[in-house]
Each structure stands twice: as structure tokens, then as C-alpha cells.
Number of protein chains: 2
Amino acid sequence: MNQAEILNALIADNLVSDPKGARGRLLKEAARLFRDKGYERTTVRDLAAAVGIQSGSLFHHFRTKEEILKAVMVETIHLNTALLKTAVERAQTGVARLRALIRAELESINGQTGEAMAVLVYEWRSLSETSQAEVLKLRAIYEQVWLDVLAALKAEGQLLADPFVVRRMLTGALSWTITWYRPEGGGLSLDGLTDQVMAMMAFPR
Amino acid sequence: MNQAEILNALIADNLVSDPKGARGRLLKEAARLFRDKGYERTTVRDLAAAVGIQSGSLFHHFRTKEEILKAVMVETIHLNTALLKTAVERAQTGVARLRALIRAELESINGQTGEAMAVLVYEWRSLSETSQAEVLKLRAIYEQVWLDVLAALKAEGQLLADPFVVRRMLTGALSWTITWYRPEGGGLSLDGLTDQVMAMMAFPR
DNA sequence: GTTTACAAACCAAGCGCTTGCTTGGTATGT
DNA sequence: ACATACCAAGCAAGCGCTTGGTTTGTAAAC
């Protein structure tokens, strides 16, 4: 299963909107705007203009503005959980699995789904408490993939620190890359960046 | 120089507002509200109510709402740069200096100035570009303290990764603690948390 | 192969409310 | 006497969302 096949499977299961459809296009533009300007500073008029419709017409697809934010988050988690799982399944050793997770999350954040991932991390407060609980359930599945790998590494003695703490540190460190990492222009590649994270944790290449 | 003395020196130099004065109290409440609800969701009426005045009266102290945000950020940087410098000066070895920096930043984020530090990190987008440039200049001084210590560690061979990348990773990891770390209730202490960060980088205790 | 039916997608207009900020005036301390 | 700190009232603009009606796509009925 490559990336495109995973995406298509999720679209078929109605877990992710087809980016060619009206709803999918709107969510993509919403993710971009929410990341660039923040949820609060993005108006429904901005969102509508980005897909070329009137602001009122948005509410034919979504009941509220917040529902758009939630949809961006939910679909992003579905997609990235699937991507993360296949990435980790391919690796053979504990260290290789950690590397695969770091590489996959960096790709989520700085690749195609980057806008939506940034929204997921930094616009959390703008969700209602009900929606937060809903999204949190989905996130837990994603997090468990990480925790399993880190716990195994700890048991092997390759990790000195607590798996839960390490995961949280890596969450912050990796998501923060969106504020400074710019792959274009011949700088650090995604693989190079992954190497750096591993080296910071004193895992030699 | 202890923490209180540093604060008093900065107040005397007019770099930080006295928290007992009207302006200082307002900035403290503003930091709390901006962190809890976000800058955009916090109204000038919220800010005024928090210090017990009318919303219009705010504009006697600050010309715009954004100026309040900028003041929170600028004063926080001034204070924490001073705290960081004294922390690093006390340590003797390279590893000890790194530990002192981590410990000091964790204290900034999770201690007294935590609200303001969170605002500094997560409300950046809400600043006008002019203000961003201004605040960035001050941040550069703070960052240089970190980079000097990390570069020395790299030269000693105790650090495998690039100092700039490590600093950015740590910025993300440490600031992210505000979203999950809760010292109260007998969990991890600030020293314990610092140990965990060092252990993640494979520095034994 | 045209007509009819009907839902999905969208527009044009605007309502009610909240927002940041202004204005003109009044206490208060020195 | 004069500046500092505040209040009471409200304005103009922008906000999320609603409403009533029109277009468009699709597919069965004739």
C-alpha cells in the first residue's frame, strides 16, 4: 500500500472527503487558511472566497464554522493514523521503527497534509469541549502506535527516559518544525531532518 | 542575584512593569487570558473586567489591543533573558550549562511567567509584522545564549546533532510541556522533568 | 427523446450581535 | 493647577448565520 492507495481506501470508507469534490476542496482551503491566519481570524467569507462561492452557501455543507474545523481535524487524524501504521509495520528493529515514526510524522507535518496537521496541533482551543473529546478519542489511537514502539525501546534498554515523556517531547519538537523548517532551497531534506532528530537522541546513523 | 532581585533591577530600568502597578496588573491578567482563550477570543471587555475597569479605560494605558499583546511579549523576553543568563553563568561544565538552560526554560514556561511565555510562543501570528520584527530582535539575544552553549557541546563531541536544529527541537519540546505538564499532585517535579529531557538526549544523570 | 420531478448546490440580501475603539466628561492625588 | 486615571455612552465595522428563491445535475415517466 502506497500513500495514494491508502488515501483512496479511506475515501472509499467515507473517512476522508475526496479532494476533488466540493467538500474536500473546501476542507483543504480551510486547513490552509486556518494555519496561515488562525481559526478565529479566518472568516466564513474568507473560506467561501477561497472556493469561489458565497459565504452563506458554506452552510449548505456545514452547519457551523466550527464543524469545518472539526472536519479538518478528524479527516487529518484518520489519514495520518493509517500512514503511521503502515510506516511502522515496514521497519524491522526497534530503532528503525522509531526512525520510521519520526520520519512519517515529519512528513505529515511538512508534506501534503501539513496545513491540516498544524491546525490539529495549534487550533485545539478553538474546538468546543464536545468536539475536543471526540477528536481526542481518535488521537489516542494514533498515540498508541508511538507508545508501543517507545515502550519496546525502553524495555530493550535503548531509551533512558520515560516513553510517555519522550512522546510528548517529540510531539512538541516535531510539530514545531512547521514554524522553521523549509525543505525547498537546498537545505536539510526530510531524511536529513530525521537523522538530526535521531542524533539529538544520540542514536548514531 | 536571585529571581526577585533580577525582577527589581528590570523594573528599575523600566524594562518590565511593576506587577503592583495598574499597567503591570493588566499585563499579568492579559497574559493569563491570552493563554487560556487565545488573543483573538479575548475581548477588550474581558481584559477590562479582569482588572475591574471599563473597556474604554484600557485605551488610556495602551493605544490598541495589539499593543497589549506586544507589551506582554516584550516584557517576558526581557525578564527571561536575564534569568537565563544568570542560570547559565552559575554552571561549570558544558553539560551542566545545558541542563541549567533546560531547567530555566522549563521554569519560565511552567512557573510564574508561564502564561506570558505561552503567549509568546503561540500567539505570534496575531502580532503585526512590524511588531514581529521588533520582538524578534529581542528574541535573538535570548536564543544566542542557547546557541553558544550548544555549539560548545558540539565542539566537545558531546552532541551529535547540529546546534541550530537541536535548539529548535528543544524550543518545541519545552514549550509544548505547557499543554501537558502539571507539577501539582505529586507527579514529576521540574527537576525530574529536566532529568527526563537530559535522558532523552542520552545524557546520564 | 422529450418532459417531468426533485434534490443538491448555490446566490443575493441582510439580520442581530459583538467587536475594537472614540468621545466628552468626572473624580483623584499632588 | 494640572496631569493621571477612570466612567458612561455609543459608533462604525465586521462577524456568524438565516432566509427565500434560483440554477444545475440526474433520472425516471411518458
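This is a predicted model: local features need pLDDT of at least 70, side-chain atom pairs count only at pLDDT 80 or more; totals for chains, interfaces and linings use all residues.
1. The buried residues are Leu190(B), Gly192(B), Leu193(B), Thr194(B), Asp195(B), Gln196(B), Val197(B), Met198(B), Ala199(B) and Met200(B). Their packing partners come from both chains: helix 9 (163-176) and helix 10 (190-200) of chain A, and helix 6 and helix 9 of chain B. Just after helix 10 of chain B, Ala202(B) has a positive phi of about 65°.

2. Two of those partners, helix 6 and helix 9 of chain B, also meet one another. Two packed helices are described by the angle between their axes and the distance between the axes. For helix 6 (residues 94-110) and helix 9 (residues 163-176) of chain B, the axes come within 10 Å and cross at roughly 40°. The crossing of helix 6 of chain B with helix 9 of chain B is right-handed.

3. On the helix 6 side of this contact in chain B are Leu98(B), Ile102(B), Glu105(B), Leu106(B) and Ile109(B). Helix 9 of chain B brings Arg167(B), Leu170(B), Thr171(B), Leu174(B) and Ser175(B). By class, the contact between these two helices of chain B has 6 nonpolar, 2 polar and 2 charged residues. An α-helix has 3.6 residues a turn, so residues three or four places apart point the same way.

4. DNA strand D has 16 residues around it, of which Thr43(A), Lys65(A), Gln54(B), Ser57(B) and His61(B) come nearest. Helix 3 (44-51) of chain A and helix 4 (58-61) of chain B each supply at least two residues of the surface near DNA strand D. By class, that surface has 3 nonpolar, 10 polar and 3 charged residues.

5. Of the atoms of DNA strand D within 4 Å of the protein, 60% belong to sugar or phosphate, and the rest to bases. Phosphate oxygens of DNA strand D lie 2.8 Å from a polar backbone atom of Lys65(A) and 2.9 Å from a polar side-chain atom of Ser57(B). At a base, an oxygen of DNA strand D is 3.0 Å from an N or O atom in the side chain of Arg45(A).

6. Ser126(A) sits in the loop between helix 7 (114-122) and helix 8 (129-156) of chain A. Ser126(A) counts as buried because its relative accessibility is 8%. Leaving aside residues up to four places away in sequence, Ser126(A) touches Tyr39(A), Glu40(A), Glu66(A), Leu69(A) and Arg41(B).

Definitions and conventions. Residues are numbered from 1 along each chain as its sequence is written. Chains are lettered from A and ligands numbered from 1 in the order in which they are written. Side-chain values use heavy atoms; hydrogens and water are left out. Axes are lines fitted to C-alpha atoms, for helices over the stretch in contact, and angles run from 0 to 180 degrees between N-to-C directions. Helices (H or I, at least four residues) and strands (E, at least two) are DSSP runs, numbered from the N terminus. A crossing is left-handed if the near helix is turned anticlockwise from the far one by less than a right angle, and right-handed if clockwise. Contact means heavy atoms within 4.5 Å. Ala, Val, Leu, Ile, Met, Phe, Trp, Tyr, Cys and Pro count as nonpolar, Asp, Glu, Lys and Arg as charged, and the others, Gly among them, as polar. A residue is near a molecule or strand if one of its heavy atoms lies within 4 Å of it. A polar contact is a pair of N or O atoms within 3.5 Å; within protein, one must be able to donate a hydrogen and the other to accept it, and residues adjacent in sequence count only if both atoms are side-chain atoms. Buried means under 20% relative accessible area, exposed over 50%, partly exposed in between (1.4 Å probe, protein chains only).
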